[in-house]
Amino acid sequence: MTTQAPRPRGRRPGRTDTRAAIQAAALTLFSEMGYEKVSLRAIARAADVDPALIHHYFENKADLFSRSVLDQPMDADAVVRAILDGPVESIGERTVAAFLNIWDQPGASERFTAMLRAAVTDPNARRPLSEFLVREVLGKVAEQLGHPDARLRAQIGMSQVLGFALARNILELPALVKARNPVLITALGRAMQACLVGA
């Protein structure tokens, strides 16, 4: 009579579709719960993988979010550094330029517009994109500038971005649709400057 070797306990250390499983679980949880309430451990449980594997495939939570939800790599810390690298007087313009650059990536506009439309029309929809940008980009910029009300400033700045995106990409206001990025950066930069830097 032959005996079988005992099966190893715990989750499998990895498999060929591990990365895809992690991204699928992350997309579902971020969509259902938003960005801030989702932990990497919760994503690992949903994907049925060891939490350490998430750090094997992705640098951090922001990296996993950008690749699973935004479907493109985005180094949020690099975006923050680029916004802060230069005269304080033009932080607003560099912030707007950073967002427009992200929006203009191949396929990004369609995905972002779909997420914004869902957030506006579905009362149960979470706002993972806005939560992500407030926490990982605008909030960090405001914190680096020393504002005690950094979160409030970040959310006001996010309202500027969302209002613009709604007007241009969903309402399709003709002048905004036709406006080129340099014009938008100058115009929107003033309002963003007041949000992030103004007294």
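**View 1. Thr18 in helix α1 of the predicted model.** Thr18 is buried, with a relative accessible area of 0%. The cut-off for buried is under 20%, so Thr18 falls within that class. Helix α1, where Thr18 lies, covers residues 18-33. Apart from neighbours within four places in sequence, the contacts of Thr18 are Val49, Leu53 and Tyr57.

**View 2. Phe99 and its contacts.** Phe99 is found in helix α6, which covers residues 91-103. Phe99 has a relative accessible area of 11% and therefore counts as buried, the limit being under 20%. When neighbours within four places in sequence are set aside, Phe99 is in contact with Leu133, Val137, Leu138 and Val161. One of these contacts, Val137, is 38 residues from Phe99 in sequence, and the C-alpha to C-alpha distance of the pair is 10.0 Å.

**View 3. The largest nonpolar core.** This core has 56 residues. Helix α8 (residues 128-144) gives the most to the core, with eight residues. Ile43, Phe132 and Val137 have the most contacts inside the core. Val137 is also in contact with Phe99, shown in the previous view. In soluble globular proteins, nonpolar side chains tend to be buried together.

**View 4. Surroundings of Ile43.** Ile43 is among the residues with the most contacts inside the largest nonpolar core. Not counting residues up to four places away in sequence, Ile43 touches Ile22, Ala25, Ala26, Leu29, Phe30, Val38, Ile54 and Leu64.

**View 5. The largest pocket.** The volume of this pocket is about 530 Å³. Its lining is made of 32 residues, and those nearest the centre are Phe112, Leu116, Leu129, Ser130 and Leu162. Helices α1, α6, α7 (108-121), α8, α9 (150-170) and α11 (181-196) each supply at least two lining residues. By class, the lining has 25 nonpolar, three polar and four charged residues.

**View 6. The second largest pocket.** This pocket has a volume of about 180 Å³. Two or more residues of its lining come from each of α4 (61-68), α5 (76-84) and α8. Helix α4 provides the largest share, four residues. In total, 13 residues line the pocket, with Glu59, Asn60, Asp63, Met74 and Asp75 nearest its centre. The lining has eight charged, four nonpolar and one polar residues.

Notes. Residues numbered from 1 in each chain as written. Predicted model: local features only at pLDDT ≥ 70, side-chain atom pairs only at ≥ 80, totals over all residues. Heavy atoms only, no water. Buried < 20%, exposed > 50% of the residue type's maximum accessible area, 1.4 Å probe, protein only. Contact = heavy atoms within 4.5 Å. Core = buried A, V, L, I, M, F, W, Y, C linked by side-chain atoms within 4.5 Å. 1 Å grid on protein atoms, 1.4 Å probe; cavity = no way out; pocket = protein on both sides within 12 Å on 5 of 7 lines; lining within 4 Å. Points joined across faces, edges and corners; volume = space filled by probe spheres on them. Nonpolar A, V, L, I, M, F, W, Y, C, P; charged D, E, K, R; others polar.
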